[in-house]
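Me: I would like to go through some labels given to this structure and ask what each one rests on. Please set the values against the cut-offs.

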Amino acid sequence: FPLCTMYSIAITGNFGLMYLIYCDEALHRPMYVFLALLSFTDVLMCTSTLPNTLFILWFNLKEIDFKACLAQMFFVHTFTGMESGVLMLMALDRYVAICYPLRYATILTNPVIAKAGLATFLRNVMLIIPFTLLTKRLPYCRGNFIPHTYCDHMSVAKVSCGNFKVNAIYGLMVALLIGVFDICCISVSYTMILQAVMSLSSADARHKAFSTCSSHLTVVIIFYGTIFFMYAKPESKASVDSGNEDIIEALISLFYGVMTPMLNPLIYSLRNKDVKAAVRDLIFQKCFA
């Protein structure tokens with residue numbers, strides 16, 4: 001029931017944020033178009049894992065068809081990469097807004113935003129499709145238990161009794177091409193933003209510039225921090241032998257799958273003046289229409 005509640009909050013919050021951006025003309029700006037794309041990605045990302053997790057917990061349905069597992073693997077990794085790409089695009093948006101404010105509307109036009117979003121999606125699809133093909137070719141004869149609550153690439157590959165070294169190498173390549181590339185772009189963007197902000201003479205102007213980036217930075221830290229801890233945490237022999245490693249893996253995967261989509265709309269709603277003003281206007285219109 002806690003997971004179902006968090007999933008409901010995530011779905012309601014992200015759909016509500018998309019509806020708010022669609023209805024309020026003041027939010028028809030590149031920053032909020034990217035935010036709507038992030039919310040849409042969050043909905044798809046948690047929906048690809050949470051319903052199946054709830055079936056496992058409520059009805060003890062712990063088995064999943066192999067083809068369904070491959071499909072879930074594809075969607076999980078595609079939308080995870082999409083989330084990373086959208087966060088990178090939002091960082092570039094903040095860079096243009098702060099470093100080139102007079103050219104902001106002419107640089108980030110609707111066609112440019114559409115092409116950037118489509119390119120990010122196609123990048124992820126093309127890189128993730130080999131995951132399913134490489135995993136499907138492996139022989140499975142040792143067992144079928146995976147420690148996560150959903151099918152992810154390496155958890156399924158490790159179950160196989162064949163050599164999954166190619167899967168591991170390709171997984172590392174994808175992590176470099178998506179995660180490391182996006183993190184580098186975000187880091188470079190914020191380095192340029194920091195240089196531009198520190199050159200401002202007014203303390204009020206510096207505070208205003210930093211405040212426009214605080215929500216995005218918070219989301220970036222939560223998203224990448226969870227992924228880093230999930231895949232880079234040390235693995236002790238004692239925890240593996242006792243089975244605690246499986247519990248830790250499951251808890252981290254749940255946090256990563258539902259907490260991030262749930263927190264994103266809350267962070268942007270509570271820390272953004274434009275969004276809060278749009279919520280007040282929408283409530284006023286609905287109450288006094």
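**Labels and their grounds**

Reply: To begin with, Cys-184 is partly exposed, as its relative accessible area is 43%, which falls between the 20% and 50% cut-offs. The model is a predicted one.

Me: What makes Cys-184 a cysteine in no disulfide?

Reply: The nearest cysteine sulfur belongs to Cys-185 and is 7.1 Å away. A disulfide needs sulfur atoms within 2.5 Å, so Cys-184 is in no disulfide.

Me: How do you know that Cys-46 is too far from Cys-4 for a bond?

Reply: The closest cysteine sulfur to that of Cys-46 is in Cys-4, at 12 Å. The cut-off is 2.5 Å, so the distance is too far for a bond.

Me: Is Cys-46 buried or exposed?

Reply: Cys-46 has a relative accessible area of 0%. Buried means under 20%, so Cys-46 is buried.

Me: Why is the link between Cys-69 and Cys-151 called a disulfide?

Reply: The S to S distance is 2.0 Å, and the rule asks for sulfur atoms within 2.5 Å, so the pair counts as a disulfide. Cys-69 sits in helix α4 and Cys-151 in the loop between α6 (110–136) and α7 (153–159), so placed 82 residues apart that the pair links distant parts of the chain.

Me: Is the disulfide of Cys-69 and Cys-151 left-handed or right-handed?

Reply: The torsion about its S-S bond is about -120°, so this disulfide is left-handed.

Me: What makes Cys-69 and Cys-151 buried?

Reply: The relative accessible area is 6% for Cys-69 and 2% for Cys-151. Buried means under 20%, so both cysteines carry that label.

Me: How do you know that Cys-141 and Cys-161 form a disulfide?

Reply: Their sulfurs are 2.0 Å apart, and the limit is 2.5 Å, so this pair is a disulfide. With a torsion of about 130° about the S-S bond, the disulfide of Cys-141 and Cys-161 is right-handed. Cys-141 is in the loop between α6 and α7, and Cys-161 is in the loop between α7 and α8 (165–198), 20 residues apart.

Me: Why is Cys-141 called exposed, and Cys-161 partly exposed?

Reply: Cys-141 has a relative accessible area of 60%, and exposed means over 50%, so Cys-141 is exposed. Cys-161 stands at 31%, between 20% and 50%, and therefore counts as partly exposed.

Me: How many disulfides does the rule give?

Reply: The count is 2. With the bonded cysteines numbered in sequence order, the pairing reads 1-3, 2-4.

Me: Why is the pair of Phe-75 and Phe-79 called stacked?

Reply: The ring centres are 5.9 Å apart and the planes meet at 15°. Pairing needs centres within 6.5 Å, and stacked needs planes under 30 degrees apart, so the pair is stacked. Both residues lie in helix α4 (residues 66–99), 4 residues apart, about one turn of the helix.

Me: Are Phe-75 and Phe-79 buried or partly exposed?

Reply: Phe-75, at 39% relative accessible area, is partly exposed, whereas Phe-79, at 12%, is buried.

Me: What makes Asn-60 exposed?

Reply: Its relative accessible area is 53%, and exposed means over 50%, so Asn-60 is exposed. Asn-60 lies in the loop between α3 (50–59) and α4, and its phi is positive, about 60°, although it is not a glycine.

How values were computed
Residues are numbered from 1 along each chain as its sequence is written. This is a predicted model: local features need pLDDT of at least 70, side-chain atom pairs count only at pLDDT 80 or more; totals for chains, interfaces and linings use all residues. Side-chain values use heavy atoms; hydrogens and water are left out. Rings of Phe, Tyr and Trp (its six-membered ring) pair if their centres lie within 6.5 Å; planes under 30 degrees apart count as stacked, over 60 as edge-to-face and the rest as tilted. Helices (H or I, at least four residues) and strands (E, at least two) are DSSP runs, numbered from the N terminus. Buried means under 20% relative accessible area, exposed over 50%, partly exposed in between (1.4 Å probe, protein chains only).
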